[in-house]
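Let's work through some exercises on a protein model together. Have the sequence and the 3D view ready, and try each task before reading its solution.

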Amino acid sequence: MNTIIACSWNKRGTLDDGKIDGRSADSSGTATVNRMLYGMPLDGAGGVTSGSFGPVSLGDRDDTAGSDEGRPAALSVPVCLDGALYNREQIRELLAGRGVWVPRTAHDRELIWAAYEAFGSSCASLLRGEFAFVLWDVRTSNLVAACDVVGIRSVVYYDAEDFTLIGTDVAQLLADRRVPFELNRDKLVAHLTPALWKLKWDVLPEQTYFRGIRRLPPGHVLEITPERVQLSAYWSPPNKEIRYRSDSDYYMHYSDLLHQAVQERVQGERLIMPISGGIDSGAIASVAVRELGATGPRALYVTGIAFSTAELQSSSDLSYIDACRRRLGLTGEVLLADQLTRYPNDEQGRDPLFISDGPEIRTTALANYLSIASALRHGPLPEASLSGTGGDETIDGNGYVYDSLLLGGKWRDLHTRLKQASGGSSSELLRMFWQKALLPMVQGGSWHRYMASVWGEAAEPAPFLHPAAEDEVAGIQERLLDDHRRKHFRYRNWARQYIYHRNAAPSRYYASRDGRRVSYPFLDRRLLEFCLRIPPEVIYKEQEGHAGGYSATKTLVRRGLIGTMPSVIRARTDKTFAHAFVRASVLKHYDHYRQSLAGSGSELARLGLVEPGLLREYMKAEQEHARNGQPLSKRHPAIDETLRLEIWLREASAGREALLRRVGFVDRPWEGGGTVWRPAVRQLSAWLDRELPRDAIYRLSSSEGQVGLG
């Protein structure tokens with residue numbers, strides 16, 4: 001199930017100025033919490049559990065049926081929770097060692113409270129799951145919040161002198177008029193910083209796109225008292241490598257952990273899952289079918305996207321999707337997404353999805369999401385969903401191999417790998433040896449040069465930025481490099497920090513709009529920690545008869561799931577990417593985007609972040625490049641990030657009321673007459689009926705070879 005949390009702490013005992021819709025809030029903040037919970041557009045009746053504990057009110061709401069007449073149920077302990085714990089028995093055993101007995105039937109909230117009473121705020125380090133919680137300790141006036149080590153479940157907060165608000169979504173906080181509605185320029189500038197695009201490294205992880213509203217970073221605990229606000233990490237990526245006698249031991253161990261992670265998340269439920277025809281989703285689907293047992297093929301419904309027009313065929317994985325589905329005996333459907341190449345939310349107010357905190361919805365992500373929405377409109381389908389998100393971050397990456405060999409002083413092995421990767425070219429070997437070996441070893445070398453050379457990142461700002469913004473971008477980028485220097489001297493394994501800042505919030509947001517509960521087996525804490533301790537050369541097998549690329553990656557899954565995953569997927573040596581899909585967007589829509597960025601019509605220009613004329617010329621050059629049949633150039637990432645930010649700003653800049661309406665927030669409290677919720681599935685269905693023809697669906701039958709356009 002999807003859950004949202006809310007917390008209101010009145011530090012002065014009255015909330016006379018805390019009116020949301022003209023009605024006074026009570027001193028404990030119960031009305032404020034109920035508005036924060038009932039206002040969000042979860043798709044479902046919405047069971048609310050809440051309570052007041054002195055000056056603090058807490059509550060959580062899920063998308064299952066509520067109590068009688070929608071009336072909020074009372075919290076038994078001062079804890080609100082989003083998510084679930086997967087190591088309940090381990091926690092119970094630890095508590096028993098402290099003389100604390102917790103019944104097996106206890107709610108996860110009660111287990112967290114017992115752990116807090118026994119271990120204090122460090123209890124978060126004992127939890128394994130996908131979770132975010134807030135608790136109130138009335139004895140010490142300590143408000144404690146924490147989220148899981150990857151940030152799958154999010155926490156945002158606003159702390160003022162006289163009150164504190166905590167929630168799941170930025171919109172919950174913006175609905176309170178005491179919270180200022182002001183865009184955060186630092187975050188906007190960070191979005192335009194080139195060094196962050198490929199690494200997805202957030203140099204401002206605690207900030208949101210609204211000034212004053214903060215986000216709790218993954219693996220951290222937040223403690224707020226009347227005297228202080230303290231943020232501390234309870235988890236950090238492990239550094240000590242595991243050394244087994246043979247590679248097969250790694251494969252077996254990984255397979256066991258992956259099966260356990262999936263098993264904990266399926267719990268005998270029926271599932272709906274998007275699959276791409278690649279290794280990651282194929283692995284999760286295969287393990288899920290096995291863990292579900294005899295009902296597996298009937299319990300898992302799969303969706304995907306494909307393309308029918310010739311210009312997009314190279315972005316289509318329909319044959320692999322169908323091969324995976326047939327080998328596992330599954331049913332499902334594939335959405336033909338040829339008409340979904342425009343940028344999401346380009347037509348303001350029309351798209352059914354809009355994230356309040358930043359431009360997180362990408363064109364390809366929207367198409368994948370709509371494949372599930374399309375399936376849901378044909379009738380009731382499972383409410384639970386698995387995701388293959390996290391595979392790229394945990395079991396991939398040839399760059400980390402070179403770092404590992406350098407750190408271990410294995411120069412002969414490094415030379416062998418570079419020689420194979422160079423394809424026998426002496427000039428290429430010399431170039432790679434400089435980039436992957438000598439440059440990182442140069443003491444005091446240029447960090448900008450290291451970023452540009454070793455990681456393929458252009459350290460220079462995009463040429464269309466406003467001069468003032470160029471200085472700001474340079475400052476953000478310098479903070480990024482300083483952060484790297486401090487945490488990982490020279491070239492020390494970027495993989496750990498890359499995974500650490502990974503956040504699955506956007507896909508969870510999509511799911512909340514159609515009532516699905518999504519979980520992420522690849523991002524399980526035990527599995528993640530194991531992957532981070534495996535020597536990178538075990539993960540990336542560049543010496544096995546090929547020069548590298550997709551066929552060299554994800555060896556843990558390819559070897560560990562022999563006999564579980566269909567061989568046609570396990571043995572894939574290529575991977576279809578979205579290049580043709582993105583290219584179609586460039587060719588079809590850049591004229592429109594260039595026109596919309598003209599003069600004063602650009603929000604980024606109004607904020608002094610870009611020069612519209614330079615950006616239009618930059619886009620024109622990329623469009624001509626694509627029309628000449630060439631692949632997308634290095635210009636495209638800068639254009640893509642800038643356009644998505646511009647499109648988001650057009651709606652965010654319209655003001656508080658417009659943004660709340662846009663995300664579907666209902667500014668009305670529970671009044672004893674049921675719950676307030678938006679039927680998101682019906683809205684999505686109407687949008688799909690308008691945007692796509694009904695016959696843009698491939699039905700995937702469980703019968704061998706049955707693929708039909710329906």
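This is a predicted model: local features need pLDDT of at least 70, side-chain atom pairs count only at pLDDT 80 or more; totals for chains, interfaces and linings use all residues.

Residues are numbered from 1 along each chain as its sequence is written, and side-chain values use heavy atoms, with hydrogens and water left out.

**Exercise 1. Work out the strand order of the open sheet and find its edges.**

Step 1: Begin with the terms. Strands (E, at least two residues) and helices (H or I, at least four) are DSSP runs numbered from the N terminus; two strands pair if DSSP finds at least two bridges between them.

Step 2: Read across the sheet. Its seven strands come in the order β4-β2-β3-β1-β9-β8-β10, with mixed pairing.

Step 3: Look at the ends. β4 (73-74) and β10 (214-215) are the edge strands, each pairing on one side only.

Step 4: Check the directions. β2 (residues 47-53) runs parallel to β4, joined by two bridges, and Ser50 has Ala74 as its bridge partner in β4. By contrast, β1 pairs with β3 in the antiparallel sense over seven bridges, and five bridges join β1 to β9, also antiparallel.

**Exercise 2. Is strand β1 buried or exposed?**

Step 1: Buried means under 20% relative accessible area, exposed over 50%, and partly exposed in between (1.4 Å probe, protein chains only).

Step 2: Sort the side chains. In a regular strand they alternate between the two faces of the sheet. Here Thr3, Ile5, Cys7 and Trp9 point one way from β1, and Ile4, Ala6, Ser8 and Asn10 the other way.

Step 3: Conclude. Eight of the eight residues of β1 are buried, so the strand is largely enclosed by the rest of the structure.

**Exercise 3. Describe the aromatic pair of Trp9 and Trp136.**

Step 1: Recall the rule. Rings of Phe, Tyr and Trp (its six-membered ring) pair if their centres lie within 6.5 Å; planes under 30 degrees apart count as stacked, over 60 as edge-to-face and the rest as tilted.

Step 2: Apply the rule. The centres of Trp9 and Trp136 are 5.0 Å apart with 55° between the planes, so the pair is tilted.

Step 3: Locate the partners. Trp9 lies in β1 and Trp136 in β6 (residues 129-137), 127 residues apart, so the pair links distant parts of the chain.

Step 4: Check burial. Trp9 counts as buried at 4% relative accessibility, and Trp136 does at 2%.
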